[in-house]
Amino acid sequence: MAYTAARRAYCPYSRFAVGAACETDIGCFVGCNIESASYGLCCCAERVALFSAVAQGAESITRLAVACTSATQHSLNEKVCCGACRQVMVELMEKGAEIIIYGVGVFTLDELLPIPFRIELDQIG
Ligand code: THU
């Protein structure tokens with residue numbers, strides 16, 4: 001599903017297509033990267049998939065697959081998720097969630113982002 005979703009990427013500036021798919025308690029949701037002429041507004045495929053799942057009522061997100069279909073075959077760095085998406089994954093996905101990176105392997109959130117930023121909500125107010 002992630003690989004297919006990359007076909008819908010809107011990436012006229014980078015020409016780098018990415019697709020993602022996440023598995024939740026209410027089904028699977030896909031995402032693709034969506035760019036803007038105001039470059040800072042671009043959103044990665046992983047976050048589009050996760051935000052879509054949350055917006056549609058998902059309460060538990062257990063797996064996410066990502067496919068960087070424009071990546072050069074020998075490049076590991078072109079295939080992996082960016083740091084911003086890793087931070088969002090830690091916040092929105094289940095603790096033991098799996099991240100499947102097309103052409104690379106399967107990872108835990110801990111492996112991708114061992115020391116995430118967190119605000120301890122019980123210490124606020
Ligand atoms: N991109 C993603 O969709 N996911 C990532 O993890 C890395 C980068 C997108 C953002 C931008 O549209 C294009 O790839 C080039 O950076």
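**Note on a predicted model: core and helix packing**

1. Leaving aside neighbours within four places in sequence, Leu64 is in contact (heavy atoms within 4.5 Å) with Ala21, Cys22, Glu46, Leu50, Met89, Met93, Glu98, Ile99 and Ile100. The model is predicted, with local features needing pLDDT of at least 70 and side-chain atom pairs pLDDT 80 or more, while totals for chains, interfaces and linings use all residues. Residues are numbered from 1 along each chain as its sequence is written, and side-chain values use heavy atoms, without hydrogens or water.

2. Leu64 also belongs to the largest nonpolar core, which has 26 residues. Such a core is a set of buried (under 20% relative accessible area, 1.4 Å probe, protein chains only) Ala, Val, Leu, Ile, Met, Phe, Trp, Tyr and Cys residues joined through side-chain atoms within 4.5 Å. Among those with the most contacts inside it are Cys22, Leu50 and Met89. Strands S1 (18–24), S3 (61–68) and S4 (98–101) each supply at least two core residues, as do H2, H3 and helix H4 (109–112). Helices (H or I, at least four residues) and strands (E, at least two) are DSSP runs, numbered from the N terminus.

3. Helix H2 (residues 45–55) and helix H3 (residues 83–92) have axes that come within 9 Å and cross at roughly 25°. Axes are lines fitted to C-alpha atoms over the stretch in contact, with angles from 0 to 180 degrees between N-to-C directions. The two helices are therefore roughly parallel (angles under 35 degrees).

4. Arg15 has a positive phi of about 55°, although it is not a glycine. Arg15 lies in the loop between helix H1 (2–5) and S1.

Terms used. Parallel < 35°, antiparallel > 145°, perpendicular 65-115°, else oblique. Buried < 20%, exposed > 50% of the residue type's maximum accessible area, 1.4 Å probe, protein only.
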